[in-house]
Amino acid sequence: MELKAVSLAALLLLLSDLRPAGAGAAYTLHYFAARGKAEPIRLLLNELQLDYTEIRYTRPPVTGNMMNWEEEKPEGIASGLFPFGQLPVLTHIHRPVLLQQGKEGGVVSMAQSGAIMNYIGRQHSMYGKDIFQDMRIDEMIGGIGDLKAKWRDRFYGKETAEDLAAALLLWREEVPTWLSFIGTLKKKHGGRWMVGDELTLADFYAFEALDGAMRYALPRLLSHLVTSPDLSFSRTFSAAWSEV
Ligand SMILES: N[C@@H](CCC(=O)N[C@@H](CS)C(=O)NCC(=O)O)C(=O)O
């Protein structure tokens, strides 16, 4: 980098790279206090031991050091921080490349969970060895996304006994079918991990879909309903629950 091209602001940013540990993270993840679409990103940041911090949002009533989503959302849309008015959003202090290009004051911010995963993944060799393996990773991520969408469509936010009773039928049929599709694909193209013998982006999505949505969230949702004070509601679910 030519010295004359370095502005005072850029110089300060470079110097602040010498900040003491904990004085400000390279990555900031904006999301709600939930696993959701941020969880594969958290898993990836943790696995790579990247320096990150989180800003968490909630709808009112706002407690602790949470941010009020209803206030921050319109501001974020106006400022461009939340280009789709949605989370997750990641900001990254990426000084060397961006400063050389004279861009964005050394900080880049991005929305869309897939774009965030790819951005981190490409920088840290979490994609494949060639275009074919890249394609297999994308294929696996797509299939896992479809499986998770089924869980989301059928169970997420559902409150009536009818909705959930219908969902349980699909749980017993559709989910095993999709797990078997994914299992077959893993046998064909996987190895130690979902695709090949190295950890890739696909593994972070797979863990979150299987552990977060299937293993963690679903039983909790159902057991909450089983213990509902509404007895007829509870009876329906006690019966259904015992069959899951
Ligand atoms: N395609 C987007 C979807 C993001 C999304 O649906 N975000 C939801 C939470 S999971 C959101 O921000 N909802 C709040 C709102 O729309 O006000 C992605 O993968 O990041």
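In what order do the five strands of the open sheet stand? In this predicted model, the order is β3-β2-β1-β4-β5, and the pairing is mixed. Strands β3 (67-68) and β5 (107-111) each have a single partner strand and stand at the edges, so one side of each lacks a neighbour in the sheet. Strand β4 (residues 89-93) pairs with β5 in the antiparallel sense, over five bridges, and Thr 91 stands opposite Ser 109 in β5.

In soluble globular proteins, nonpolar side chains tend to be buried together. The largest nonpolar core here comprises 33 residues, and Ile 41, Ile 144, Leu 201, Ala 202 and Tyr 205 have the most contacts inside it. At least two core residues are supplied by each of β1 (27-32), α2, β2 (52-58), β4, α5 (113-123), α6 (131-155) and α8 (201-226). The largest share, seven residues, comes from α8. In helix α2 (residues 39-47), the buried residues are Glu 39, Pro 40, Ile 41, Leu 44 and Leu 45.

Helix α2 is followed by Gln 49, which is found in the loop between α2 and β2 and has a positive phi near 55°. Gln 49 counts as exposed because it has 7 C-beta neighbours inside 10 Å. The loop between β2 and β3 contains Pro 61, and the peptide bond from Pro 60 to Pro 61 is cis, with omega near 5°. Another cis peptide bond runs from Leu 87 to Pro 88, with omega near 10°; Pro 88 is found in the loop between α3 and β4. In the loop between β5 and α5 lies Gln 112, whose phi is positive, near 75°. With 16 C-beta neighbours inside 10 Å, Gln 112 counts as partly exposed.

Leu 87, Pro 88 and Gln 112 are among the residues that surround the ligand, together with others including Lys 37, Lys 73 and Ser 113. By class, this shell has two nonpolar, six polar and two charged residues.

The protein has a mean pLDDT of 79, and 74% of its residues reach 70 or more. Helix α3 (residues 69-79) has the highest mean, 98, whereas helix α1 (residues 8-15) has the lowest, 36. Values stay under 50 over residues 1-23 and over residues 228-237. Where pLDDT is low, the predicted coordinates should not be read in detail.

Note on methods:
Residues are numbered from 1 along each chain as its sequence is written. This is a predicted model: local features need pLDDT of at least 70, side-chain atom pairs count only at pLDDT 80 or more; totals for chains, interfaces and linings use all residues. pLDDT is the predictor's confidence in each residue, from 0 to 100. Helices (H or I, at least four residues) and strands (E, at least two) are DSSP runs, numbered from the N terminus. Two residues are in contact if their C-beta atoms, placed from the backbone, lie within 7 Å. A residue is near a molecule or strand if its C-beta atom, placed from the backbone, lies within 6 Å of it. Ala, Val, Leu, Ile, Met, Phe, Trp, Tyr, Cys and Pro count as nonpolar, Asp, Glu, Lys and Arg as charged, and the others, Gly among them, as polar. A residue is buried if 20 or more other C-beta atoms lie within 10 Å of its own, exposed if 12 or fewer, and partly exposed in between; C-beta atoms are placed from the backbone. Two strands pair if DSSP finds at least two bridges between them. A nonpolar core is a set of buried Ala, Val, Leu, Ile, Met, Phe, Trp, Tyr and Cys residues joined through C-beta atoms within 7 Å.
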